[in-house]
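Hello,

Here is the structure I promised to pass on. My notes on what turned up in it follow below.

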Amino acid sequence: MNTRCILLILIMFLFYPGCGEELTNESLFDKPSPDEMKPALDTITEQILQMLNEVREENRLSADALVSTGTSGDEAARALSLKLDNITYSHSSLIISPENVVTTAAPEQYASLIGTDLSYQNETMFATEKQSPVVSNIFYLEEGFYGISISYPIFSGEEYLGYTDVTIRPEEFFHPIISPFTEQTGYEVFILQTDGVTVYETSEVETGKNVLTDPLYDTPEMRNVSRAVIDNPEGTIEYSFWNRFWNKQTERQAVWNTLTLDNQEWRIGVVRDINGSADESGTPNEQTGDVNASIAGLTTFVEDATVFAKSTGKQEACDVFNNLSGPFVKEDLYIFGYANDGTTLALPYQQGIVGKNRMDLTDINGLSIFSGIKGAAQRGGDYLYYVYPNPNNDYQYQLKLVFVKPVDDDWFIGSGIYLPWIEAELDPEEINVLVARVKQAVSHAEKVGKEQALDDFNNLDQPYANGGEYIFAYDYNGTTLALPFQPELIGTTRMDYTDQYGAHIIYQEIDAVKQGGGFVYVVYYNPDTGENELKLCYILPAGNDWFVGSGIYTGTNFQ
């Protein structure tokens, strides 16, 4: 919850009638009136409720189908796969028996969960006890990540057969609607359980934190703010803390309401800087200079910082890296540092984040930043791309090419160059279509088998080879399995392949697969234009030993 507090200015609770006036930049920012924030809060709450209801309906349809197919076997698995195909940001689906045992799992890579007794999970026991639709609290899932189970009971007449669910990662599931909302309005959004755990926060530092116990909120004033939000279904609070980019302290205002659905109650709120402004972003700069020369300078900069860190020690080195007047801050070229557990050690332009954990850090298009940079460090040093605020350009989101190196086994550092002439934020609907396309390819492979699926993916007459939207596939050793417009590469190992700026593409894609799937930026050949262009790829495991992906080309020529 972005209720950041150094000084609590005012707490008051207001209950509002419905309001449907049009939102404008002027109405959002001229005066700090909660009445102006309420329509935006209503809008995002309705959108979140709609997303949850769509999952609920897919769960209901699959529960109905499972009465006929049974709750185990191939037909049951196909019913789960069909459901997942229809829910863009879903990770998996299970069928849980009345005895709390997994009887069916999808996608295929989770089949090993069949037979697992989940009685030890409070959330599983709760859904079984209720025998009604449930939106669970966040908990650690057997699928291997922290997420939420959205479940629906299966009844044959009066007989309870168990329940089926859809598991989601909140940071991925809510991002497609909340990120555009934040960019349009300037408001941040929080979703808070009534036990104090943050389900989602625009500021990734706060997601998963308990506002009643976490040291981040360990002041009497902050505990009062947290308790006020939890204890009251709606209201408004004014307080002071770090701003959205964690680079300065400012007065803030939060307005919240309550979403109640399927045995769950969430506080949903919008937050803004009281003295903030509307969109301060300007026109991105035109391409300037020689990128290759900049990369050479970037590499030297990070290597010099690594030598310095090794010779002086972590604490002294980070003190220097965090000094805005020090030798390792040169406008938008600066050193960042992280411990392997996600703790921020150096971030000179965002001092409020130093000491905070960023394990769940993602960019505006959904790419997992921390897992990417940690993977690059674990490979001994590597390049990768992500979108990040540029502190020397009003914190506009811009594409950044980053070079990362380990200092020792405990922490790593990096730096990057911004590429402001490249369109940074992609259309959320295009990203949704991309995710659905890859999920459909996984579903196809499950239906027809790996061999036939690869034949289809490589066939230029099949829809899987639709120009720049083509499906590609590799095994976990980097062997090329599907690449329809470069058939000469089929069967070759590309683990050491780098794009023209040095990023190890296949390593990054495998890192994403190990997280259950995710996004990767690459510069790669576009069959529609014949040029190397920036591409946002989405990757999913298709089995225990291979994965599939596809991408969106941005149209930016890197030649």
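D262 lies in the loop between β11 (249-261) and β12 (264-273), where strands (E, at least two residues) and helices (H or I, at least four) are DSSP runs numbered from the N terminus. This is a predicted model, with local features needing pLDDT of at least 70, side-chain atom pairs counting only at pLDDT 80 or more, and totals for chains, interfaces and linings using all residues. Residues are numbered from 1 along each chain as its sequence is written, and side-chain values use heavy atoms, leaving out hydrogens and water.

Back to D262: its phi is near 50°, a positive value in a residue other than glycine. With 14% relative accessibility, D262 counts as buried (under 20% relative accessible area, 1.4 Å probe, protein chains only). D394, in the loop between β17 (382-390) and β18 (396-406), also is not a glycine and has a positive phi of about 55°. Most residues other than glycine have a negative phi, and most peptide bonds are trans. The bond from A106 to P107 is cis, with omega near 0°, and P107 sits in the loop between β3 and α4 (122-130).

T104 belongs to strand β3 (residues 102-106) and is buried too, at 2% relative accessibility. Its side chain reaches the backbone oxygen of T71 at 2.7 Å, a polar contact (a pair of N or O atoms within 3.5 Å, one able to donate a hydrogen and the other to accept it; residues adjacent in sequence count only if both atoms are side-chain atoms).

Happy to talk it through!

Terms used
Buried < 20%, exposed > 50% of the residue type's maximum accessible area, 1.4 Å probe, protein only.
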